[in-house]
Amino acid sequence: MTGFERIFHIGIDDVDSPSGGCTTHLALLMLKELMKYGVTLVDYPNLVRLNPGVPWKTRGNGAVALRLTSSMELDKIYEIVRSVFEKYVRDYENPKHQPCLLIMKGDINHRIALLAKKALYDIVPTDLALKALRGTSHILTCFNGDRGIVGALGAVGNTMTSEDYTFELIAYRKTENLGRERCVDKDSVIEMDQKYKGNTVLNYDPVEDRVLITPRGPDPVLLGIRGEDPSILVKAYKTVKLCEEADFAGIFRTNQHTDPHIKSVETICEAHPYMCLRLRGTVSTKPFRDVGGHVFFKVCDDNCCIDVGVYEPTKWFRKYAELLIPGDVVEVQGCVRPPSSTHGMTLNLEKLHVIWLKPMVVYENPFCPVCGKRLTSAGKGKGFKCRNCGFKSRDMARKTRIIERGLSEGWYQPPYTAFKHVMKPLERVGREKREFYYRPIEAVFVV
């Protein structure tokens with residue numbers, strides 16, 4: 001970056017609509033316009049998934065940030081992207097959504113970074129987000145309200161320069177194909193999944209026999225391939241056979257599949273509605289299956305308790321929860337739903353870590369040494385007797401046996417079809433990345 005160039009961060013959020021539209025799609029349209037003016041992108045477009053527990057989230061609750069350098073002034077950058085943003089918002093207007101566009105000049109300060117981090121796992125009031133922007137060089141514009149400022153600031157403030165990240169290659173549909181069933185060859189997706197296993201994430205669920213790279217909504221996304229390295233994603237994309245032509249494709253750097261939404265807490269007492277967390281406690285009730293096939297149990301620590309829900313869409317994941325017994329020590333992680341008239345505050349289980357299993361012990365009478373039948377009690381303090389042959393003894397004692405639980409200590413996760421964008425598969429443990437440096441990025445768009 002020369003002395004005449006400045007760094008700019010452009011954040012957008014709450015653009016998605018039930019009728020279509022996509023924040024990532026808009027971001028790349030804005031980038032195409034900016035590139036006409038010779039700006040230098042210093043990072044891949046950042047796709048930042050925010051707290052998936054908030055009640056007003058968009059489909060994937062993703063916000064996007066563009067980070068670039070230019071010798072232009074802030075108001076000129078704003079003028080370039082404003083018309084693209086406003087047209088897109090008008091095309092997919094939704095009274096329930098409050099899209100915002102935020103452009104900041106200069107480095108991200110500590111205050112904004114902290115608030116952006118909080119937006120990953122908790123509720124951030126809009127007035128607090130607006131307060132954090134005071135004293136910074138920025139332009140903000142919103143429609144229908146200002147709730148989108150939290151996501152826009154969250155995208156700008158979460159730079160992912162010292163946290164784990166992945167990449168996603170997203171291909172978009174041509175306008176004439178919108179509304180039709182997506183046409184991606186399933187066999188080629190399975191082939192791609194096998195060929196690039198370990199370098200890509202959640203392409204296909206073999207248990208449910210379901211392709212995971214194609215969405216189902218009205219948005220313009222044709223497919224999205226997630227993984228560890230942009231060059232591998234390009235190769236994987238070219239392996240997939242499309243029976244409809246993509247309009248264009250681009251690569252994002254993202255916090256997807258890194259568990260960015262999970263905050264570890266010291267005590268269950270810290271949990272509150274809409275927060276996403278990981279907590280440790282002891283199972284205090286026997287799990288039970290409720291109407292609809294959902295499984296519930298309670299976890300407590302020394303001070304507080306919380307209900308844990310394992311829902312029907314997680315399929316066989318529920319059986320692990322049902323094998324727990326009171327006294328087991330576990331870590332549970334997920335997002336908290338508020339209490340209602342039918343249930344208490346409940347953590348919606350995403351992953352289960354069994355730390356210690358309470359031994360399940362049964363006491364059994366000994367066998368008769370004469371005929372081999374099981375002995376019965378002869379009365380309190382009188383030992384045992386055999387009803388078959390009449391043998392009696394005061395010297396024999398009951399024996400203990402440990403019952404096999406069908407569960408072992410370790411981590412458990414649901415089927416891939418039940419994964420949220422942010423959830424980290426156990427297969428990614430050990431592949432975490434911890435640093436990223438800004439540099440000119442030339443290969444964002446894939447041809």
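A crossing of two helices is called left-handed if the near helix is turned anticlockwise from the far one by less than a right angle, and right-handed if it is turned clockwise. Please keep that in mind while we look at this structure, which is a predicted model, in which local features need a pLDDT of at least 70 and side-chain atom pairs count only at pLDDT 80 or more, while totals for chains, interfaces and linings use all residues. Residues are numbered from 1 along each chain as its sequence is written, and side-chain values use heavy atoms, with hydrogens and water left out.

Let me start with the whole chain. It has eight helices and 26 strands, where helices (H or I, at least four residues) and strands (E, at least two) are DSSP runs numbered from the N terminus. Along its principal axes, the C-alpha trace spans about 100 × 50 × 40 Å. Of the 447 residues, 51% count as buried, and here buried means under 20% relative accessible area, exposed means over 50%, and partly exposed lies in between, with a 1.4 Å probe and protein chains only. Among the contacts with a separation of 6 or more, 73% come from residues 24 or more positions apart, a contact being heavy atoms within 4.5 Å.

A second pair is helix 3 (residues 110–118) with helix 5 (residues 148–157), whose axes come within 8 Å and cross at roughly 115 degrees. Helix 3 and helix 5 are therefore roughly perpendicular to each other, since angles under 35 degrees count as roughly parallel, over 145 as roughly antiparallel, 65 to 115 as roughly perpendicular and the rest as oblique. The crossing of helix 3 and helix 5 is left-handed. Helix 3 contributes I112, A113, L115 and A116 to the contact, and helix 5 contributes L153, G154 and G157; by class, that gives five nonpolar, two polar and no charged residues. How many residues of helix 5 are buried? Ten of its ten residues are, and helix 5 is mostly covered.

Let us turn to the aromatic rings. A pair of aromatic rings is described by the distance of the centres and the angle of the planes. Rings of Phe, Tyr and Trp (its six-membered ring) pair if their centres lie within 6.5 Å, and planes under 30 degrees apart count as stacked, over 60 as edge-to-face and the rest as tilted. The structure holds twelve such pairs. In one of them, the rings of Y88 and Y92 have centres 5.0 Å apart and planes at 50 degrees, so the pair is tilted; Y88 has 6% relative accessibility and therefore counts as buried. Y320 and Y412 form another tilted pair, with 4.5 Å from centre to centre and 40 degrees between the planes. This pair links distant parts of the chain, 92 residues apart, with Y320 in helix 8 (residues 317–322) and Y412 in strand 25 (residues 410–412). Y320 is buried at a relative accessible area of 18%, and Y412 is buried at 12%. Ring pairs also link Y44, Y165, F167 and F436 into a cluster.

Finally, a look at two loop residues. Most residues other than glycine have a negative phi, and most peptide bonds are trans. L202, although not a glycine, has a positive phi of about 55 degrees; L202 sits in the loop between strand 8 (200–201) and strand 9 (204–205) and counts as buried at 10% relative accessibility. K315, also not a glycine, has a positive phi near 55 degrees. K315 lies in the loop between strand 17 (305–310) and helix 8, and at 32% relative accessibility K315 counts as partly exposed.

Conventions
Axes are lines fitted to C-alpha atoms, for helices over the stretch in contact, and angles run from 0 to 180 degrees between N-to-C directions. Ala, Val, Leu, Ile, Met, Phe, Trp, Tyr, Cys and Pro count as nonpolar, Asp, Glu, Lys and Arg as charged, and the others, Gly among them, as polar.
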